[in-house]
Amino acid sequence: MNGLIPEPIARQPWAMLIPLFLLVGFGAAVLFSAAGGSMEPFASSHLLRFAVFLVMGSVIASLPMNFVKFMTYPAYVAVLLLLLAVELVGAIGGGSQRWLNLGPIVLQPSELMKPVVVLALARFFATLPAGMVGQWQSLVLPGALIAMPMVLVLAQPDLGTSLAIAFGGAVVMLLAGLPLRWFMIGGGVAAIAAPLAYFFGLEEYQQRRVTTFLDPESDPLGAGYHITQSKIAIGSGGISGKGFNQGSQSHLQYLPEPHTDFVFATMAEEWGLLGGLFVLIIFALILRWGWGVAIAAQDRFARLAAGGLVATIFFYIAINLMMVMGLAPVVGIPLPWMSHGGSSMLTNMICIGGLMMVNRWNRETPRRGLT
Amino acid sequence: MELRRARSGLNATQLKHTFDRRSFVVGTMMGGIGVLLAARMSYLSIAENEKYQTEAESNRVNLTLIPPRRGWILDRNGAPLASNRADFRVDVIPERMRNPEQTIDQLAELIELEPDRIADIKSEIKRSRGFQPIEVANGLDYDQFAAISVRLPDLPGVVPQRGFSRFYPTGPSVGHLIGYVGAASAEEYELDRNPLLITPGYKIGKDGVEKQFEQTLRGVPGARRVEVTASGRIVRDLETREDIQGDAVRLTIDGPLQDYAARRIGLESGSVVVMDCLTGDLLCMASMPSFDPNSFSDGIGSIEYAMLRDDERVPLRNKVLKGLYPPGSTVKPMVSMALLKEGIDPEETVFCGGGLRVGNRVFRCWNRRGHGQVNMAKGIYQSCDVYYYHMAQRVGMDPIAAMNRRCGLGEEFPLPVTSQFYGTVPDPEWKLNKFGREWQAFDTVNATIGQGYMLANPLQLAVSAARLATGRHVMPRLTLDTQPKGFDEVDFPEDHVAYVRQAMSDVVNGPGTAGRGRLPFDDILMAGKTGTAQVVSLSKSDGKSGPWRYRDHGLFTFFAPFDNPRYAGAVVIEHGGGSGSAYPIARDVMTFLFDPAEGMQRLRALEEQWGGNAQERLAAKYAAYAEARGETVVPPPRRDEEIFDQVEAEARDAAAQSEEIADEAVTPRPEAAPSGAPRPNPVEQILSGGETT
């Protein structure tokens, strides 16, 4: 192997990249079908975006650690300001919105916030003296770092993304070694706060999504329609599926959002359980590689950042799949690398780029003994 | 940093261990969720595969029933009384509509609906059970149909289709006989859970023959399997099975005669029944005024319903079967048969001085001046009441009641009709049971002249005429596939029949009470018997003028040719002011039967005076009514059954009207012939065989 393949290529993390390419290719095939058997409008732009963001990921992967550490807080502040700008534009424009129109690019700052909040927390805990972990300072500031973007995103309103931010942040805090009982207390508080949040914090359409998740049959033609149709699509696929381009649920528009949030159902209808397991295995390979990177990292910042990025990707995957299979309420979270959509591709490629970056740092700073 | 580490007991190495430990736990939990997802996915696609496959298939494939073409209803010669017309129609299914009000408004704009129709549809949608289709319009032209079809994705719940609508060529003339069709009600669907009943465009028989022969006429629905998108757009046809048209029902009715009779009734309210004496075939069962089954089959409109409902001539009542009237003097031939059977010599005379004293009461003859010496024949053709008062006192009520029943009064015939009222033939036992009172002399007096408690429907009177004319126990039949019945049963001896026939001929052709009833043929003589039935006491009305509902009923039973009867029948005109309103109709109907051209000529002259034929007059009346009352109409009952019940209850009420004066002896009114005196007409006397006095 050494002789045949040039070193710059050989040193790439192929254990992750090959499954990723397979997944994106498979996603394109599903989108091809979802468009009624056509590359336009979904599949071609899906591949194009992946190519563009892969380049971006490679750029991220090549950043030096010091530069990243230096830029983390300014980046956090910048994205926070962008989120604030979204709020302001929305308030001036007379309606809530989630994105900024920057010339040709439509930017959704809440997506950027997901990896950035992970980095900011990793940076905080990396600089926090080891002895202070477990004291009140180690909870208050990170709490504020998570809460500020969460509040802004919730105000958009976008429950799914704000939960993703919270999840990524919480995992970094857990990995940083905060006392477990804090998480238990936090879990208890959440259990009490959830009903309160449900009644006072959620929009009516969000409340309805929760209630219909609990009992989808209560409203089969209304809010429960999404879940019901998604389950029909997955269940009717059987073991080997109905065949490529043969999915009636997606082609006849019974499945809502067959190319974005419910792309997995579209896939499962045509490729069946085999397709589903293929996707799950690929995600498992990618996430396992990510954990490997995190554990191999010698630097605390790199370790925590890598773990948080893996958690962020995982959150997307888990929530989306649980939603399409009727295990979670309908929250608008797309499936990484399969759903059509620039924002989710951007976020996930930032995460992958970040992991590749940590992977490179690991390679370049050989394992030392105990420091 | 060193100091702090000492205080908290944590250092970087410990944190690294914590990280490794916790990352292992978190990674394991992620793996666990992955396994959970794989298990869930397997469960959905293996264990529940069949269920979801069915659901996906029922999503994808839309099975629409193609309503079968209804069988035709034919007259005896094979001409259609009810047929089908191809048309474009549009229905809505309320439970599939997102915003019914808005959708209906949109539809109304596309096909230019009238405001009252829009209001009707909206209120119908509100009351409906959701799954039942509601007709918006039929008879659309192709452009309207196409306009709706292209907008279907924006009009959920709207079902436009090519279909067939029921067509009754003679309209109101056959309304009561044939009935009409309409969308099945929720109750009907509950009784017969046939998906066809809630298929848009399918209609079941609601009344009359349409209802009675529903199963025969229904046919087998076709089916069309199509692939549809979630929004209901049809992607492609998968499979189509043609419908099988329902079988035709062939009636004994003579279509042209039915139409003629209905039109001849004209402005009056009444019925005409004509039977074939050789087979018992009902050739005509006309009841007018009527509704137009064509427009009823499109759904009963509020204005239309209100108009029919407010009409005191009750166009919704089938008077042939549900009109009960005191038969008046038309019972006299039957009573005569009873007297002959009891051995009374027909030549025995009774002196009529204008009244008869029984005990300390005097019962009046309609002819106050008296008929002089009256034998049985004169009793019939002059309709002398005193003769019958006298003879009835002699034989008693029971043989008379028995004979009335033998002739068909009080009888319910085995006919395929939705319901028939069978009336009353009173006798002492009946009165005791019903009122707890003894039979009185005046009860017999009333009964012998067809008044008091006695009630019959026009069909019974027609059957009685056929039985008297033939001497056989003729049973009426309505469909050609049933066997004629009763012809092997001899009711009356030949000589009795001959005697009564002759006397009844004299009613028309001799010195009788219906001189103007002669047929315009030299070789065909019609026999008959007039009847005038009072509904209120003499003090309340003279029976000929004043409020319509107090006027006398006019009746006439007849058969022809009198010496070899071929056709028999009855005409009853409600509140026509006496028998003079009835027998000219019988005369013209029989004229039409023997010479259609002559009959039509007479009818045309009459219709010119009346302002068009029945259908035209109904349309004109509707327009005027809608103009005057359009704003304030009462919507029709939700279920057709409610209409039927209401009509039936009113019919019973109306039949009871004449019972109010049954407690007293009815003082008969002068009969149809103006003076009651025989008309000096030598030719008639010769033709009638010189049996006159």
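Colleague: Which residue stands opposite B:Ala223 in β9(B)?

Modeller: B:Arg241 stands opposite B:Ala223. This is a predicted model, in which local features need pLDDT of at least 70, side-chain atom pairs count only at pLDDT 80 or more, and totals for chains, interfaces and linings use all residues. Residues are numbered from 1 along each chain as its sequence is written, with chains lettered from A and ligands numbered from 1 in the order in which they are written.

Colleague: Why do β1 and β9 of chain B stand at the edges?

Modeller: The open antiparallel sheet has the order β1-β8-β9. Each of β1 (61-66) and β9 (234-241) has a single partner strand, so one side of each is left without a neighbour in the sheet.

Colleague: How do you know which residues B:Val273 is in contact with?

Modeller: Contact requires C-beta atoms, placed from the backbone, within 7 Å. Leaving aside neighbours within four places in sequence, the partners of B:Val273 include B:Leu282, B:Val320 and B:Ala570.

Colleague: How many residues does each chain give to the contact between chains A and B?

Modeller: Chain A gives 44 residues and chain B gives 43. On the side of chain A, the largest share, 11 residues, comes from α12(A).

Key
Two residues are in contact if their C-beta atoms, placed from the backbone, lie within 7 Å. Helices (H or I, at least four residues) and strands (E, at least two) are DSSP runs, numbered from the N terminus. Two strands pair if DSSP finds at least two bridges between them.
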